[in-house]
Structures are given as structure tokens and as C-alpha cells.
Amino acid sequence: MGIVKVNTMVTFHLETRDGTRREITGAAGISAMEAIRASGCDEIAATCGGSCSCATCHVYLRKAAPEFLPPISPTEEDLLDFAEDRTEQSRLSCQVILRPELDGMEITVAPASAF
């Protein structure tokens, strides 16, 4: 049997809408949205609770290892198409699953949208 690491933590840097930088830590396997909300940051509305049916957790991934991110699903793509401030770095934070390879990534909260 191989050794299983339990409770591996991932730390990333979050820039809020007012430019404040925070260090966020979350368990590998949860979404970036869950880690951000658990940290007390209320700038991520996450209206749908992470079910990828709104875009209220829209963020920009400023520094991440793209090979460790899942490709954007058709549903996420459709939702991001409605985001007014979409860029090539846009993702829904509910779809970014923390893993050790993403340790140190930088995320910026996108401007609030009308969703």
C-alpha cells in the first residue's frame, strides 16, 4: 500500500476588489470558492453554492499552473460568456479544485456582476 497524505493544505494569494491581498489556505480537494468563503471573505457571493449554475464566483487566475487546472467545461464557458468583465484568465472559483500543484497561485476577485 502507498502512503496517503491526509489533510494536505494548499495556500494561495487572493486580491480583493479593493486591492487588499490575503493569504488563503484550504484543504486539497475543495474548491477555491469554498476556501475563499471559509476564510471570511464575502466578495464571492457563490449564489448557487458551487453547483456551476451562476457566475457570482468569477475570478481571475493570475498565477496558476494551467496544466493542473481542469479545462473549462461547456457549462462554465456559457456562464463566463455572460460575465461583463471576462478575460482570458477568467474562471469560476467553484470549478478550481485545490491541489498541491496549485500552491502559491494568485487569484483576483472579478468585479461584481449583475448575476
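Guide: Two strands pair if DSSP finds at least two bridges between them. Helices (H or I, at least four residues) and strands (E, at least two) are DSSP runs, numbered from the N terminus. The model here is predicted: local features need pLDDT of at least 70, side-chain atom pairs count only at pLDDT 80 or more, while totals for chains, interfaces and linings use all residues. Residues are numbered from 1 along each chain as its sequence is written, and side-chain values use heavy atoms, with hydrogens and water left out.

Visitor: Which residue is the bridge partner of glutamate 15 in S5?

Guide: That partner is threonine 108. Strands S1 (residues 9-15) and S5 (residues 106-109) run parallel, joined over 3 bridges.

Visitor: What is the strand order of the open sheet?

Guide: The 5 strands follow the order S2-S1-S5-S3-S4, with mixed pairing. Strand S2 (21-27) and strand S4 (90-92) are the edges, each pairing on one side only.

Visitor: Which strands does helix H2 touch?

Guide: Contact means heavy atoms within 4.5 Å. By that test, H2 (residues 74-81) packs on the sheet against strand S3 (58-63) and S4.

Visitor: And which residues of H2 are buried?

Guide: Buried means under 20% relative accessible area, exposed over 50%, partly exposed in between (1.4 Å probe, protein chains only). Glu76, Leu79 and Leu80 are the buried ones in H2. They span an arc of only 100° around the axis (taken from the directions from the helix axis to the C-beta atoms), so they lie on the same side of H2. Their cover includes S3 and S4. Pro74 and Asp81, on the other side of H2, are exposed.

Conventions. Axes fitted to C-alpha atoms, helices over the stretch in contact; angles between N-to-C directions.
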